[in-house]
Amino acid sequence: MLNYSLFIKRLSGYDILELPAYKTEMAAGMDLCANFSEEYRSEGISIPLKGSAIITTGISVELPSDCEGQIRSRSGLAAKNGIVVLNSPGTVDADYRGQLKVILANFGNKEFLVQHGYRIAQLVISP
């Protein structure tokens with residue numbers, strides 16, 4: 001098992017949600033949650049059938065210099081609703097310091113509403 005330090009910054013203007021963390025000792029990824037600014041917080045963001053949307057997380061990360069972050073689909077969200085990370089895996093470069101955003105696509109059979117706080121993707125750190 002690799003042991004790295006990951007620095008996570010909460011961005012101003014966003015709720016203080018649970019930070020990404022490994023849920024079990026052998027988990028490969030950390031859940032990322034939808035975190036909307038005040039404008040979208042109460043109503044969420046709708047992803048039309050066969051459409052996509054960029055979902056904000058309200059955080060930025062500082063990865064170890066010899067690593068990359070991979071943003072991947074959550075299997076339950078994909079299996080139950082047809083919601084996937086469009087460019088999976090989305091790559092986060094070690095020197096990127098901007099907000100993590102997730103491009104979600106809807107391949108399900110109806111419109112999907114992403115609500116504030118939903119677990120939308122996983123972040124996997126790889127050498």
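**Close-ups of a predicted model**

**View 1. The largest nonpolar core.** Of its 26 residues, the ones touching the most other members are Ile-55, Ile-71, Val-102, Leu-104, Val-114 and Ile-120. Strands that each give this core at least two residues include E4 (52-56), E9 (101-106) and E10 (112-114). Strand E11 hands over the largest share, four residues. A nonpolar core here is a set of buried Ala, Val, Leu, Ile, Met, Phe, Trp, Tyr and Cys residues joined through side-chain atoms within 4.5 Å, and buried means under 20% relative accessible area with a 1.4 Å probe, protein chains only. This is a predicted model: local features need pLDDT of at least 70, side-chain atom pairs count only at pLDDT 80 or more, and totals for chains, interfaces and linings use all residues. Residues are numbered from 1 along each chain as its sequence is written, and side-chain values use heavy atoms, with hydrogens and water left out.

**View 2. Around Val-114.** Leaving aside residues up to four places away in sequence, Val-114 touches Ala-34, Phe-36, Gly-44, Ile-45, Ile-47, Ile-55, Leu-104 and Ile-120. A contact is heavy atoms within 4.5 Å.

**View 3. Strands and helices.** The protein has eleven strands and two helices, taken as DSSP runs numbered from the N terminus (helices H or I, at least four residues; strands E, at least two). In sequence order they run β-β-α-β-β-β-β-α-β-β-β-β-β. Among contacts between residues at least 6 apart in sequence, 70% join residues at least 24 apart.

**View 4. The whole chain.** The C-alpha trace spans about 40 × 30 × 25 Å along its principal axes. Of the 127 residues, 40% count as buried.

Note on methods:
Buried means under 20% relative accessible area, exposed over 50%, partly exposed in between (1.4 Å probe, protein chains only).
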